[in-house]
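Notebook open, structure loaded. I want to look up strand pairing, then salt bridges, then pockets.

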Amino acid sequence: MTTYYRAVMAQLAVLLLVIGAAPLFAQSTATIVGVVRDSGGVLPGATVTVRNVDTGLTRSVPTGEEGAYRFPALPVGPYEIRAELAGFRTAVRSGVRLLVGQ
């Protein structure tokens, strides 16, 4: 084998590895971010829960000091978002549909 032939074969092997690994990096998730607030300002310590209506997948996080929350890497589909904090009325948002990369 010539040096040129080996170099071409090595580049081809690397290319095939990259192409073969591409589906592993395909994005099929989305992220929900937001801030919980009322008329008086942000609400730290509220519990925010997201539920995938189709699968029942549920995740919950507390809001931070600025009332912010984040749910990364959620499977796409329809969601309901619920925010709860003692002394406040529970807020529910239905009909939220996540799409790929959103």
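Predicted model: local features only at pLDDT ≥ 70, side-chain atom pairs only at ≥ 80, totals over all residues.

I started with V48 and looked for its bridge partner in β5, which turns out to be V61. I then checked the whole pairing: strand β4 (residues 47–52) and strand β5 (residues 58–62) run antiparallel, with five bridges joining them. The two strands make a hairpin with five residues between them. In that turn I noted G56, whose phi is positive at about 85 degrees.

Next, salt bridges. How many does the structure hold? I found two. One of them joins E80 to R51, with the closest N and O atoms 3.9 Å apart. This pair links distant parts of the chain, as E80 sits in strand β7 and R51 in strand β4, 29 residues apart. I also have R82 bridging to E80, the closest N and O atoms being 3.6 Å apart. That puts R51, E80 and R82 in one network of salt bridges.

Buried or exposed, I asked of E80? At a relative accessible area of 16%, E80 is buried because that value is under the 20% cut-off. R51 is partly exposed at 31%, and R82 is partly exposed at 29%.

Last, the largest pocket. I get about 400 Å³ of space in it. Elements giving two or more residues to its lining are β1 (29–35), β2 (37–38), β7 (77–84) and β8 (91–98). The largest share, four residues, comes from β8. I count 19 lining residues, with V35, V36, R37, A83 and A91 nearest the centre. By class, the lining has 14 nonpolar, five charged and no polar residues.

Technical notes:
Residues numbered from 1 in each chain as written. Heavy atoms only, no water. 1 Å grid on protein atoms, 1.4 Å probe; cavity = no way out; pocket = protein on both sides within 12 Å on 5 of 7 lines; lining within 4 Å. Points joined across faces, edges and corners; volume = space filled by probe spheres on them. Nonpolar A, V, L, I, M, F, W, Y, C, P; charged D, E, K, R; others polar. Pairing = 2+ DSSP bridges. Salt bridge = Lys/Arg side-chain N within 4 Å of Asp/Glu carboxyl O. Buried < 20%, exposed > 50% of the residue type's maximum accessible area, 1.4 Å probe, protein only.
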